[in-house]
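Please open the model in your viewer and keep the sequence panel beside it. The stops below say what to select and what to look for at each one.

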Amino acid sequence: MSAQQLIVPAVQPAPRTPVPRSWDGRPTLVLNANSFMRTLLVNVLREAGVRDIILESHASRAIHAMHECAPALVVADWTDQKDPDEDRVRLLQRIRTAEGSACRDTPVILLSSPRPRSDVERARDAGASEYLVTPLAPITMINRLKALKNDPRDFVDASRFVGPDRRRRIRRERGPSFKRMADVEAGLTNPMAAARSAAQALALETRRSGDPLAIRIGRSLQRFIAEQDSYTAVEEEVAEMHRAALAQLARMTGDGDPLRDAVVSGLEQIVERRLKSR
């Protein structure tokens with residue numbers, strides 16, 4: 001398989017229509033490494049109206065339990081773990097990218113002591129449904145469960161993001177996938193300017209990630225868009241290649257995977273040829 005074959009622009013399907021959930025028919029899975037905290041959390045959930053609760057202390061067991069019982073909800077602790085297999089953000093990515101899994105769109109609530117905004121954004125981008133700060137008041141859990149049950153957000157399945165819609169406002173009808181689409185529709189900007197803003201935002205996002213290969217992808221898109229005079233389906237195809245490449249990097253395990261570099265190198269070769277053919 002060549003490096004270029006690794007980069008396949010993904011078709012972005014429309015968000016799935018959210019379906020109101022019930023906590024009565026299926027269990028809630030609690031993942032927490034601390035037995036005392038598990039007990040406290042069970043009490044909070046029961047006060048919130050949850051009756052059927054499954055307890056697990058390790059991520060591997062939680063994944064197994066999800067396959068076995070397809071829970072209606074997952075509530076997981078989020079603490080710094082030495083074992084990378086216990087990384088809750090990695091667990092989220094496994095849940096959201098598990099093709100064909102009945103639990104792919106299961107709501108996941110993360111519980112943690114206060115964290116930097118960058119951490120919270122990383123969890124959101126991995127597909128977290130809610131992030132709650134501990135110590136947790138029962139009324140907070142009750143209100144979040146009500147929101148998940150009665151007013152669920154769209155489930156987005158796109159090249160770079162799988163999970164509940166990160167925007168809590170009503171989602172606009174789908175259109176081209178550059179950012180600031182609402183401003184384009186309102187006539188406040190044009191597709192080319194919106195695409196440049198989106199490329200700049202993606203470059204900033206990849207720099208924050210600290211992943212050298214992701215940073216190269218961000219720079220590649222910014223360079224490509226800067227050289228364009230108009231933003232058509234052709235330019236959108238290349239932009240989607242960059243988003244698909246970033247999604248592939250996130251799915252590949254470990255920095256030592258040699259295919260990660262091949263994905264980025266292949267993308268850069270495609271961009272170079274596109275620019276030379278202008």
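## A buried threonine

Begin by selecting threonine 206, which has a relative accessible area of 4% and therefore counts as buried, the cut-off being under 20%. This is a predicted model, and the residue sits in helix H8, which spans residues 191-209. If you display what surrounds the side chain and leave out neighbours within four places in sequence, the contacts of threonine 206 are Asp211, Ala214, Ile215, Gly218 and Leu246.

## A buried glutamate

Next, select glutamate 240, which belongs to helix H10, residues 233-251. Is glutamate 240 buried or exposed? With a relative accessible area of 6%, glutamate 240 is buried.

## The open sheet

Switch to a cartoon view and find the five strands that form an open sheet, with parallel pairing, in the order S2-S1-S3-S4-S5. At its edges stand S2 (53-56) and S5 (130-133), and because each has a single partner strand, one side of each is left without a neighbour in the sheet. Looking along the sheet, you can follow a twist that averages 20° from one strand to the next.

Then select helix H3, residues 59-69, which packs on the sheet and touches S1 (28-31), S2 and S3 (73-77). The direction of H3 makes about 175° with that of S1.

## Strand S3

Select S3 by itself and colour its residues by accessibility: five of its five residues are buried. Leu73, Val75 and Asp77 lie on one side and Val74 and Ala76 on the other, and both of these faces are covered. S3 is joined to S1 by four parallel bridges, and in this pairing leucine 73 stands opposite threonine 28. Another four bridges join S3 to S4, again in parallel, with valine 74 of S3 facing valine 108 of S4. If you trace the chain from S3 through helix H4 (residues 88-96) to S4, you follow a right-handed β-α-β unit.

Move on to S4, residues 108-112, which runs parallel to S5 and is joined to it by four bridges. Here isoleucine 109 stands opposite glutamate 130, while leucine 110 has tyrosine 131 as its bridge partner. Which residues make up the covered face of S5, and which the uncovered one? Glu130 and Leu132 are on the covered face, whereas Tyr131 and Val133 are on the uncovered one.

## The whole chain, and where to be careful

Finally, zoom out to the whole protein, whose secondary structure comes to 11 helices and seven strands. Of its 278 residues, 42% count as buried, and among contacts with a separation of 6 or more, 67% are between residues 24 or more positions apart.

Colouring by pLDDT shows an average of 81, with 85% of the residues scoring at least 70. Select residues 1-14, where pLDDT stays under 50 and the model has 34 contacts beyond four places in sequence; then select residues 171-179, where pLDDT is also below 50 and the model has 25 contacts beyond near neighbours in sequence. Where pLDDT is low, predicted coordinates should not be read in detail.

Notes: Residues numbered from 1 in each chain as written. Predicted model: local features only at pLDDT ≥ 70, side-chain atom pairs only at ≥ 80, totals over all residues. Heavy atoms only, no water. Helix = DSSP H or I, 4+ residues; strand = E, 2+ residues; numbered from the N terminus. Buried < 20%, exposed > 50% of the residue type's maximum accessible area, 1.4 Å probe, protein only. Contact = heavy atoms within 4.5 Å. pLDDT = per-residue confidence, 0-100. Pairing = 2+ DSSP bridges. Axes fitted to C-alpha atoms, helices over the stretch in contact; angles between N-to-C directions. Right-handed = clockwise from strand over helix to strand, strands pointing away.
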